[in-house]
Amino acid sequence: MYSARQQYQQQSVQTASPEKLIEKLYEAGIQACHQEDRETLREVLTELLTSLDMEQGGELAERLQAIYEFCLNESATGDLSMVRELLE
């Protein structure tokens with residue numbers, strides 16, 4: 001059974017706009033950096049990568065893809081403070 005907090009979070013995700021969902025992913029990624037939780041950070045970065053619409057996004061999507069891929073590589077063994085700065 002879900003706690004009240006989990007129910008609220010689930011409902012807020014289900015009703016959020018795409019922009020708000022991306023914002024929540026960034027927040028989760030920044031928090032994961034602070035907690036040095038590489039696994040969660042990699043999940044967040046993978047979700048950000050898969051959310052890109054390369055056809056509609058054009059050059060901006062390409063630049064974001066490069067940043068997310070760099071962060072994903074850094075999150076494996078690199079400095080998480082750099083990844084956090086890029087997400088902030």
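This is a predicted model: local features need pLDDT of at least 70, side-chain atom pairs count only at pLDDT 80 or more; totals for chains, interfaces and linings use all residues.
**Confidence by element**
- Helix α3 (residues 38–51) comes out with the highest mean pLDDT of the elements, at 96.
- Helix α1 (residues 4–15) sits at the other end, with the lowest mean pLDDT, 68.

**Helix α2**
- This helix covers residues 18–34, so 17 residues in the count, and its first and last C-alpha are 25 Å apart, close to the expected 24 Å.
- Its buried residues are Leu 25, Gly 29, Ile 30, Ala 32 and Cys 33.
- Look down the axis of α2 and those buried residues fall within an arc of 160°, which means they line one face of the helix.
- The cover over them includes α3 and α5 (80–87).

**The largest nonpolar core**
- This core has 15 residues, and the ones touching the most other members are Leu 41, Leu 45, Leu 48, Val 83 and Leu 87.
- Four helices each put in at least two residues: α2, α3, α4 (54–77) and α5.
- In soluble globular proteins, nonpolar side chains tend to be buried together.

**Zooming in on Leu 41**
- What does Leu 41 contact, leaving aside its neighbours within four places in sequence? Its partners are Gly 29, Ala 32, Cys 33, Ser 75, Leu 80, Val 83 and Leu 87.
- Gly 29, Ala 32 and Cys 33 also turn up among the buried residues of α2.

Technical notes. Residues are numbered from 1 along each chain as its sequence is written. Side-chain values use heavy atoms; hydrogens and water are left out. pLDDT is the predictor's confidence in each residue, from 0 to 100. The expected span of a helix is 1.5 Å times one less than its number of residues. Buried means under 20% relative accessible area, exposed over 50%, partly exposed in between (1.4 Å probe, protein chains only). The arc is that of the directions from the helix axis to the C-beta atoms. Contact means heavy atoms within 4.5 Å. A nonpolar core is a set of buried Ala, Val, Leu, Ile, Met, Phe, Trp, Tyr and Cys residues joined through side-chain atoms within 4.5 Å.
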